[in-house]
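Subject: Structure handover

Hello,

Here is the structure I promised to pass on. My notes on it follow below.

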Amino acid sequence: MKKYTYIPHTEEDIKEMLATIGAKSIDDLFVDVPKTISPESLKIPESKDELTVRSIVESLAKKNRFLNEMRVFMGAGIYYRYIPAVVYHMASKPNFVTAYTPYQAEVSQGTLQALFEYQTMISELTGMEVTNASMYDGASALAEAMLMTVRVSKKKKVLMAANIHPEYVRTTKTYVTPQDIEVVMVDYDKETGQIDLEDLKKKLDDTVGGVAVQYPNFFGIVEDLKAIKEVLPEKTMFVVAADPIALALLEPPGKFGADIVVGEGQALGNFPSLGGPGFGFFSTSMKHVRMMPGRLIGQTRDVDGKTGYVMILQTREQHIRRSKATSNICSNHAHNAVMAAIYMSTMGKEGVVEVARRSANTAHYLAKALQEKGFKLTFKGPFLFEFVFDAGEDYEKKWKDMVEKGILGPLPMERFFEDMKGKALAATTEMIKKEDIDALLEAIA
Amino acid sequence: MTIFERSKKGRRAYSFPEYDVPEVDLKIPEHLMRSEKAELPEVYEVDVVRHYTELEAKNYSVDRGFYPLGSCTMKYNPKLNEDMSALFRWLHPYQPEETIQGALKLMYELKEMLMEITGTDDMTLVPSAGAHGELTGMLIIRAYHLDRKDYKRSKVIVPDSAHGTNPASAAMAGFKVVELKSSDEGLVDLKELEKELDETTAAIMLTNPNTLGYFERDILKIAEMAHEAGALLYYDGANLNAIMGRARPGDMGFDVVHLNLHKTFSTPHGMGGPGSGPIGVKEELREFLPVPVVRKDGDRYYLDYDLPKSIGMVRSFYGNFGVLVKAYTYILTMGRDGLKMASDMAVLNANYLKKLLSEFYPIAYDKDGKRACMHEFVADGTKLLKETGVKTLDVAKALLDRGFHAPTVYFPLIVHEALMIEPTETESKETLEAFANALKEIVEEAKKNPQSLKEAPKNTPVRRLDEATASRKPIVKWSRK
């Protein structure tokens, strides 16, 4: 009998177990299952030893160019930031990695407390009262936020700024359309890159339940949340998709009266990993907490009066409310959220500001240097660590060639916006040094 | 203690190189800049290590011991998977495709192998979890009917034994949900099904084996009835671990098949995620898949966004790639022979444990204890409650005291005092026997001294928690008081 390292059964075991059960063979246990295939016909390779598997996967890994071998000027929702060693070492601990949802709270206090602290930290960044224990990613978090505006307002139309990450908009449309919710796009101001307030006013009426903007938006421009909030009627839900590192420097949306703040959390100590898994964060006010999707952790006491943590308000969730639940979400991205909590603990109050400040200053220096080389910035609005510039008609080819020189250049925007041919979205993080900028300037000239 | 209470102004756990870029004015309007810094902790590196080491020690996990949560497939998470996934950490989703050929090839090959295992014709790897896959699958079904101008199909049939995500996902996709009462055997009642099936039925969602651990033996008939009525059949893959190498959902007549890579394919559950929930479909549904789909053209792998009838995107980027690498590594390791062995031993383990328990604990829908189950089964504590006043919840807590994680409790809803037990193939005969002994001891204790069980657990980091107050007066973040 072939041996497998993850399966303990010896021939003797199998014999004894079958005898106890009273079955003659393993096949006896499968009497109800129709025989639709013969196992031998499955076109999957035979089992392999660990060394062979390792070498196959390693050879696939070699067929990629990795960010840590390049000078990276690309962001657009996923950021190449430094992750201190302590973050992934702590996050990789087996009782974090191989535990499941904290259904038995007494033996899940590590998970529950780590997530409770995560909720606290994200609430600090977003300036909101309550944050759930994570969503899948920024895009689905925004989609769920728009569904929540409809639940709260009972109005089936939402507005979204056209300068929100295009994949977030597409995801939202996928989520809301089947429930007969209409999505209306609000133009952006071609000069500033910010949402066009006149167009917003024009499209706002009694039938609109929620309005979403991104902060900073997809072009890297910082939206004026104060000016936007002033335009919104009292009852219209204000949704902000935000970058968590930007929130270390920018006034949090909660301060401007946002009702829901969501975003992609990857930048908080999670690996880019080809775009997943990162995690989505989701914050709102206590007034609306019962309309919120996803798991939520609360503090309580045990029978001896000792402080402990449990999942709360579960009657919102699918396993109890079934088809009437606030969302179908069950598994979330808890491990990624805990990794973010470890990152926020490590960077702390000063560290996240330092990361944001360096990233922003570097971007502004790069923008200045590009302008001195004759490149024009596309928008005049204030930006933080990403901006769009006119890179020239032939930029896409140049972008691919730059990889050969070890540069992952600013993202060609034509991928998302047909009318932005030759425009590129540059991003900088704390990983960029002056010599990297010099190299980019030389390659792009 | 919380990390916030460890904090002390002036401590630091990070260090950065000298900043060599000249200072530039950011020119961001004053009112958009933070007036006060976010109150994150200020600790040094040893605090971070001690804090999270302390928290981690309070968790039970698969690495620590037996974790028989039904329908969760808490099998061992191989270490090699983690190492292989780490090789691919530093990839940006928008890199030129030429620079991520290895990653795309891995996704393509994983997809091909999963299609082979499930008997489907195309697949998306994008959904982030089981429920996300369900939503994706239901949206595909919706798009299929609409594309055929079959506008009446507004309802989805779900058995009353289904996971809560099934009705919730169907509702999110805009369908009305009809619950189907199970038969006396705990299976789909064909007569009931016939009554519900009509020209407004969009789909039937089934878990097979179902959540009671029994295989829907009429599955071929059910598929025939569904298709005859113009409805599609949806496979909830939570329980695929029972049948790999034995039967394929696609061959049984399922049109849409979801998988949980974090269950069947050994990727870790990570305290509740990230998972991955690929969706496989039959030929006639492939044009509705969400974008992008990984495809191959000669030697080149690429992401296909050109699906005019696609349901759109269900999240950003390409899914939980880091999880996909782990599942790929697992399938390579196990191979077709090992996957079948995994299912065979998962089913053997469940039947063995069921037999051991049936001596002293009634099994749901199995009067004489002789019915073969698949990879899981449900023990019923109704009799125990009646005789001793000890609830399933008390039994669960008493198991924690004895060093085991409890099974899934109070699910499926059709068994009132349910203990839903899934041992998986990675547990040994000795472990199963130790668990059975612990449960037996608890049952005996229930008869002698029920009060002691109501006070369980006693050996855990905290004891029973006041959940009612926690929900009535929610404290959802730490504050200095």
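Into which domains is chain B divided? There are three entries in the assignment: domain 1 (3-57), domain 2 (79-333) and domain 3 (337-454). Between the centres of domain 1 of chain B and domain 2 of chain B, taken over C-alpha atoms, lie 42 Å. Please keep in mind that this is a predicted model.

Now the interface. Chain A puts 199 residues into the contact, and chain B puts in 200 residues. Interface size is often quoted as the accessible area lost when the parts come together. Here chain A and chain B bury about 17700 Å² between them. Of that area, 64% is on carbon and sulfur atoms. Three residues stand out on chain A: Tyr6(A), Leu274(A) and Arg322(A). They supply 6% of the area that chain A buries against chain B, more than any other three residues.

Chain A and chain B share 15 salt bridges. One pairs Lys2(A) with Asp337(B). Their closest N and O atoms are 3.3 Å apart.

Which element gives the most to the side of chain A that touches chain B? Helix α11 (residues 334-372) of chain A does, with 26 residues. By class, that side of chain A has 99 nonpolar residues, 53 polar ones and 47 charged ones.

Best wishes

Notes: Residues are numbered from 1 along each chain as its sequence is written. Chains are lettered from A and ligands numbered from 1 in the order in which they are written. This is a predicted model: local features need pLDDT of at least 70, side-chain atom pairs count only at pLDDT 80 or more; totals for chains, interfaces and linings use all residues. Side-chain values use heavy atoms; hydrogens and water are left out. Contact means heavy atoms within 4.5 Å. Buried area is the accessible area (1.4 Å probe) that two parts lose on being put together, summed over both. A salt bridge is a side-chain nitrogen of Lys or Arg within 4 Å of a carboxyl oxygen of Asp or Glu. Helices (H or I, at least four residues) and strands (E, at least two) are DSSP runs, numbered from the N terminus. Ala, Val, Leu, Ile, Met, Phe, Trp, Tyr, Cys and Pro count as nonpolar, Asp, Glu, Lys and Arg as charged, and the others, Gly among them, as polar. Domain bounds come from an automatic or database domain assignment.
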